[in-house]
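These are my notebook entries on a structure that I looked through one topic at a time. I wrote down what I looked up and what I found.

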Amino acid sequence: MPRFLALLLALLVAGPTFAQPAAQSSPAQSVVQTDNVRAELLSDVATAKPGEPFWVGLRQTMRPKWHTYWKNPGESGLPTEIAWTLPAGVTAGPIVWPVPHVFDIGGVINYGFKDDILLLVRITPPANLAGRTLKRAAEANWLVCEDVCIPEEAKLELALPLAAAATPSDPKTRALFETARRNVPMESPWPARYGVSQAGDPTLIVEAKGLKPDTIGSVYFFPAEWGHVAAMAKQTASITAEGIRI
């Protein structure tokens, strides 16, 4: 069964206390500043071609020491959600999640993001899309935490000109998308199996023969879905030429 592997990054986690949601500005715009997060809707193309998929991204820039959550938030928290309003025939894929950080305070484990993150979504316009522009509206909501947790939201909108050929966005925006793509986990090329060891511990074995242990700093298993693996369970990993055992 394929599994994703990622480096372990030990950072901060918010407490479970909730505050009132932050106020949301209106009408929809491409950038919204809440109390704790600057949210922006970006595109990797400057003009879109009917029938040719492209990528958009929800960029979240957080206040120092604050964080949002991954698709599996861990022991507490809620992942960012995006609800799209698109022209007829235009479809939006699911969020393509980057590798999260591990937030650990007092043994409570959460998975999420700090500082600056770009959440990728693939947009596919139909080949017969008419008009001069492709307008995308998104209602995004997230939970952002430090010593308290605050639900926030933003109504975002971005219009792209339609053309006979797609053209890339500006270099600064393209660099953000390239960084985001590098942060997306790759599917493991190695077989993996799991079971319960003689000591009673759930164990994941990745048969990655030929690894050079001295070139790998750390390994961590992020369960993609909540509820199957206890995030608070301590993980130990060993790396040998025969593979990885967690």
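Entry on the aromatic cluster. I looked up which aromatic residues group together in this predicted model, and I found that Trp-70, Tyr-111, Tyr-220 and Phe-222 form one aromatic cluster. I then noted the number of aromatic pairs in the structure, which comes to 6.

One of these pairs is Trp-70 with Phe-222: the ring centres lie 5.8 Å apart and the planes stand at 70 degrees, so I recorded the pair as edge-to-face. When I traced both residues along the chain, I found Trp-70 in strand E7 (residues 67-74) and Phe-222 in the loop between strand E18 (220-221) and strand E19 (238-240), so the pair ties together parts that are 152 residues apart in sequence. Are the two residues buried or exposed? Trp-70 has a relative accessible area of 5% and is therefore buried, and Phe-222, with a relative accessible area of 7%, is buried as well.

Entry on a stacked pair. I next looked up Trp-97 and Phe-113, whose ring centres are 6.4 Å apart and whose planes are at 5 degrees, so this pair is stacked. I located Trp-97 in the loop between strand E9 (91-92) and strand E10 (101-105), and Phe-113 in strand E11 (residues 108-114), with 16 residues of separation between the two. I also noted that both Trp-97 and Phe-113 are buried.

Entry on the disulfide. I searched for disulfides and found that the structure holds 1; this disulfide joins Cys-145 to Cys-149, with an S to S distance of 2.1 Å. I wrote down a torsion of about 115 degrees about the S-S bond of Cys-145 and Cys-149, which means that the disulfide is right-handed. Cys-145 has 0% relative accessibility and so counts as buried, and Cys-149 also counts as buried because its relative accessibility is 2%.

Entry on a hairpin. I followed strand E16 (residues 192-196) and strand E17 (residues 202-206), which pair in the antiparallel sense over 5 bridges. Within this pairing, I saw that Tyr-194 stands opposite Leu-204 in E17. E16 and E17 form a hairpin with 5 residues between them, and in the turn I noted Gly-200, which has a positive phi of about 95 degrees.

Entry on the whole chain. Lastly, I looked up the chain as a whole and recorded 1 helix and 20 strands. Of its 246 residues, 39% count as buried, while the chain exposes about 13,300 Å², of which carbon and sulfur atoms supply 56%. Among contacts between residues at least 6 apart in sequence, I noted that 73% join residues at least 24 apart.

Conventions. Residues are numbered from 1 along each chain as its sequence is written. This is a predicted model: local features need pLDDT of at least 70, side-chain atom pairs count only at pLDDT 80 or more; totals for chains, interfaces and linings use all residues. Side-chain values use heavy atoms; hydrogens and water are left out. A disulfide is a pair of cysteine sulfur atoms within 2.5 Å. Buried means under 20% relative accessible area, exposed over 50%, partly exposed in between (1.4 Å probe, protein chains only). Helices (H or I, at least four residues) and strands (E, at least two) are DSSP runs, numbered from the N terminus. Contact means heavy atoms within 4.5 Å. Accessible areas come from the Shrake-Rupley method with a 1.4 Å probe; for residues, only the protein chains shown count as cover. Two strands pair if DSSP finds at least two bridges between them. Rings of Phe, Tyr and Trp (its six-membered ring) pair if their centres lie within 6.5 Å; planes under 30 degrees apart count as stacked, over 60 as edge-to-face and the rest as tilted.
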